[in-house]
Amino acid sequence: QLMDWILDLVNIKQSTPTVLVTDPKSRLKYFQQFDQDRQFNTGVFDTSFGFRSLGITIDQYTMLLQSLSSLKPGTLFMLNTNDFKFAKATNGFEWAEEGGKVFRNYETKDAMYATAVNYMDFVCENPNGQFKANNLIY
């Protein structure tokens, strides 16, 4: 099924996916199992961003595998990152914490922790060349 989706993107929509994004449960159950019936290989790949990431290879197509906890379980995106262009960055960092509390202290720890996020906006120049699937079967 995954190979069919890739071939549809390549042959019909003229787009080669470079990143596969799914929810953490699907990543764990579907992509990190080494079952005999899987038609792809998993491995660790060097990225153009200078870090290493888990990825899959099907025939001559290699995609980095990422997960987002905000996705509904069973959701899968195949994206061609070359279609996304940088639009703008926020003006500095925003503090990401519920209820407006920036600093938090963990029990048994003396240190205080905070999370700062710098958001960036991207524009997809070819939305038709992206793919979304629901109800991924493990």
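Residues are numbered from 1 along each chain as its sequence is written, and side-chain values rest on heavy atoms, with hydrogens and water left out. Because the model is predicted, local features were required to have pLDDT of at least 70 and side-chain atom pairs were counted only at pLDDT 80 or more, whereas totals for chains, interfaces and linings use all residues.

The chain contains 2 helices and 12 strands, where helices (H or I, at least four residues) and strands (E, at least two) are DSSP runs numbered from the N terminus. Along the sequence these elements follow the pattern α-β-α-β-β-β-β-β-β-β-β-β-β-β. Of the 138 residues, 30% count as buried, a class defined by a relative accessible area under 20%, with exposed meaning over 50% and partly exposed the range in between (1.4 Å probe, protein chains only). Among contacts with a separation of 6 or more, 66% join residues 24 or more positions apart, contact meaning heavy atoms within 4.5 Å. The mean pLDDT, the predictor's confidence in each residue on a scale from 0 to 100, is 78 for the chain, and 70% of the residues reach 70 or more.

The structure holds 2 aromatic pairs; rings of Phe, Tyr and Trp (its six-membered ring) pair if their centres lie within 6.5 Å, and planes under 30 degrees apart count as stacked, over 60 as edge-to-face and the rest as tilted. The rings of W5 and F131 have centres 5.1 Å apart and planes at 35°, so this pair is tilted. Since W5 belongs to helix 1 (residues 2-11) and F131 to strand 12 (residues 131-133), the pair ties together parts that are 126 residues apart in sequence. W5 is buried at 14% relative accessibility, and F131 is likewise buried, at 18%. The pair of F86 and F122 is edge-to-face, with 5.9 Å from centre to centre and 75° between the planes. Here F86 lies in strand 6 (residues 84-89) and F122 in strand 11 (residues 120-124), so that parts 36 residues apart in sequence are tied together, while F122 is partly exposed at 48% relative accessibility.

A search of the whole structure finds 1 salt bridge, the term denoting a side-chain nitrogen of Lys or Arg within 4 Å of a carboxyl oxygen of Asp or Glu. This salt bridge joins R52 and D46, whose closest N and O atoms are 2.9 Å apart; R52 is exposed at 55% relative accessible area, as is D46 at 59%. By contrast, D23, in the loop between strand 1 (19-22) and helix 2 (24-31), is buried yet has no salt bridge, the nearest side chain of opposite charge, K25, being 7.0 Å away. For this assignment Lys and Arg count as positive and Asp and Glu as negative, whereas His and the chain ends are not counted. The side chain of D23 does make a polar contact with the side chain of T22 at 3.4 Å, a polar contact being a pair of N or O atoms within 3.5 Å in which, within protein, one must be able to donate a hydrogen and the other to accept it, residues adjacent in sequence counting only if both atoms are side-chain atoms.

N80, in the loop between strand 5 and strand 6, counts as buried at 9% relative accessibility. The side chain of N80 reaches the backbone nitrogen of N82 at 3.0 Å. Leaving aside neighbours within four places in sequence, N80 is in contact with S15, T16, P17, T18 and Q130.
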